Amino acid sequence: SSKTVTIQGSGTASYGSPLAPHWARPMGAAFLSEATMVHAAGGQQLASAAFAYVPRSTLAVASAASTPIGDVLGALKSSGVSQPARAWTAAWTHGATVLLTSAVAAVAYGPGRAARRRRRGMQTAVGRVPRRFFNFGGEEEEVDPNDPGRVKVCGEYQNSGGSFVAAHKSEFGWAVVSEHSASEQDNYWPGGAADGDVKQVWRELRLASGSSDTPPGAGDGTGQTVVKVSLREGEVPVQVPYCMPLAYAKTMAALAFSGQHLQGGLPLDDVPLQRALVIGLGGGSLPVWLNHTFPEGKITVDALEIDSAVIEAATKEMGFPAVAMRPAADAAAAADDALAGAGGQSLRGYSLAGEEFLEALGKKGDTDYKYDMVFIDAFDKAGRVPTVLVDPERPFLKALEGLLAPKATVTLNLLVGMTGRGSSGGPEEIMSMVYAVNGAVCGEAGEVFSVRTPMNESSGNQVYCFLREGRSSGREEPLKEAMKQSAEAVGEGFPADSLGSKLRFDLARRVIFAYEDWVAPATPPRPLGAPEPEPEKKEEGGGFGFFGF
């Protein structure tokens, strides 16, 4: 390859994807940093640089160096790697991995080029490696050609740092907005606009830590979300409501629509009113898309966000309508507002923690205010799901249980990386989170499974889907096939939006990609955040020698 790459950031991938920094450490991050010009702070984003040039089996070996073999083999299996290749991977040791991966990196980039780059300074390359860790080269067939946020155009905001737009500060840190040019322009503006009056761009929201009053740069922090906005002189930005760029958000939407249809909660001949709850606003692309996609009067969306800086960035620069943010002095007032219809608005945002809002809503005792779709998409700046959202003893899950419609579908977005160990945790933490959510969400007949975002669109998102009631009949058919059929039915039969367009991206492939059924363990896992049990004390032996016989 003739590429030289500089990775920006400090621990997680662009747009919130985790990069499992642990697997790079045994390979010598310092050496690779020099040989490939990758800024590998703790191994950060090392995978991105290697994936485009190294065969799949080799990458699996690299992961095996510091990840339990069972996790690696599971990831390989779900990615379609053959059984012989999986077995070959398991045979490698840490030492072999270090030598092999280091050699590949050195050959791919060459020490001479690295030396020349070092002389010019480590910060001369400003591009970001594409967030497509699973692209093994070659031309790809274009999918979803009618989707303005399809993978073909994602490189416009993935591969460059962008220009600084604004930064807002709160007690949680900084919300930073950057801008990237968009090649496709359709002149969208509510109510219409004359040709040439509107310019469309990509805007990216990143979250950065820091108590300093000096704003971070455009590429600093952890990527949170991307939206497409329309700009018009003298007007506030307007989000393009039918464009949802990030793959994980499309996957969550596909699962919710298909899960509702499968359980009988979303008949297509006469779409009933749906009530959606979104935990984590970000730039607002998911709630805006939901509000636009459903027929008028057929959906209400409650979006909750605890970080005031994120809300400020969303409403000022990311095109989330400021009018949607409801005035509420506290959680009780917000609950009253929601129950009263929020002034007739179908899209409403509340500047509150999810647990506070749901607890207040539950205390009102309104038996008719139930959520049909719930999207849990909240992370701290390290990419972890806040414990308060996945602790069975905390208010969020306790309140959620009483606020779900009988056929509700709940989706949970996790950042797990390629190997199943990402910033959201490893298998043990994930099991604890899913077990807790399942206990609050699903009845005895409920069904749970997970999928991954398609390989060529994302790196490390795993989305769990919880069907509260599950299928009323036909359970002899695999759930995976049933979900695919429902996704196809929704894609074909869901009503057109207000612009006369049907769903712009394919649902079916998203509800089955790297599909895995989830089965509750026989022994309940240790709750997330609970202290580890103390090891049993062993009695000292009174025998002989080193082994105490």
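Two strands count as paired if DSSP finds at least two bridges between them. The exercises below apply this to a predicted model.

**Exercise 1.** Which residue of β7 is the bridge partner of valine 278, and in which sense do β6 and β7 pair?

*Solution.* 
1. Take β6 as residues 274–279 and β7 as residues 299–304.
2. Between β6 and β7 there are 6 bridges, and the pairing is parallel.
3. Valine 278 has alanine 303 as its bridge partner in β7.

**Exercise 2.** Which residue of β9 is the bridge partner of alanine 276, and over how many bridges do β6 and β9 pair?

*Solution.* 
1. Strand β9 covers residues 371–376 and pairs with β6 over 4 bridges, in the parallel sense.
2. The partner of alanine 276 in β9 is methionine 373.

**Exercise 3.** Are the residues of β6 buried or exposed, and which of them point the same way from the strand?

*Solution.* 
1. The cut-off for buried is under 20% relative accessible area.
2. By that criterion 6 of the 6 residues in β6 are buried, and the strand is mostly covered.
3. Gln274, Ala276 and Val278 point one way from β6.
4. Arg275, Leu277 and Ile279 point the other way, and these too are buried.
5. For the whole chain of 549 residues, the buried share is 54%.

**Exercise 4.** What is the strand order in the open sheet of 5 strands, and why is one side of β1 and of β5 left without a neighbour?

*Solution.* 
1. Strands of a sheet pair through backbone hydrogen bonds, in a parallel or an antiparallel arrangement.
2. Here the order is β1-β2-β3-β4-β5, with antiparallel pairing.
3. β1 (163–170) and β5 (238–239) are at the edges and have a single partner strand each, so one side of each has no neighbour in the sheet.
4. Within the sheet, β2 (residues 173–181) and β3 (residues 199–208) are joined by 8 bridges in the antiparallel sense.
5. Tryptophan 174 stands opposite alanine 208 of β3.

**Exercise 5.** Which strands does helix α11 lie across, and at what angle does α11 run to β1?

*Solution.* 
1. Helix α11 is formed by residues 308–316 and lies across β1, β2 and β3.
2. The angle between α11 and β1 is about 145°.
3. For context, the chain contains 16 helices and 13 strands.
4. Among contacts in the chain with a separation of 6 or more, 74% join residues 24 or more positions apart.

Definitions and conventions. Residues are numbered from 1 along each chain as its sequence is written. This is a predicted model: local features need pLDDT of at least 70, side-chain atom pairs count only at pLDDT 80 or more; totals for chains, interfaces and linings use all residues. Side-chain values use heavy atoms; hydrogens and water are left out. Buried means under 20% relative accessible area, exposed over 50%, partly exposed in between (1.4 Å probe, protein chains only). Helices (H or I, at least four residues) and strands (E, at least two) are DSSP runs, numbered from the N terminus. Contact means heavy atoms within 4.5 Å. Axes are lines fitted to C-alpha atoms, for helices over the stretch in contact, and angles run from 0 to 180 degrees between N-to-C directions.
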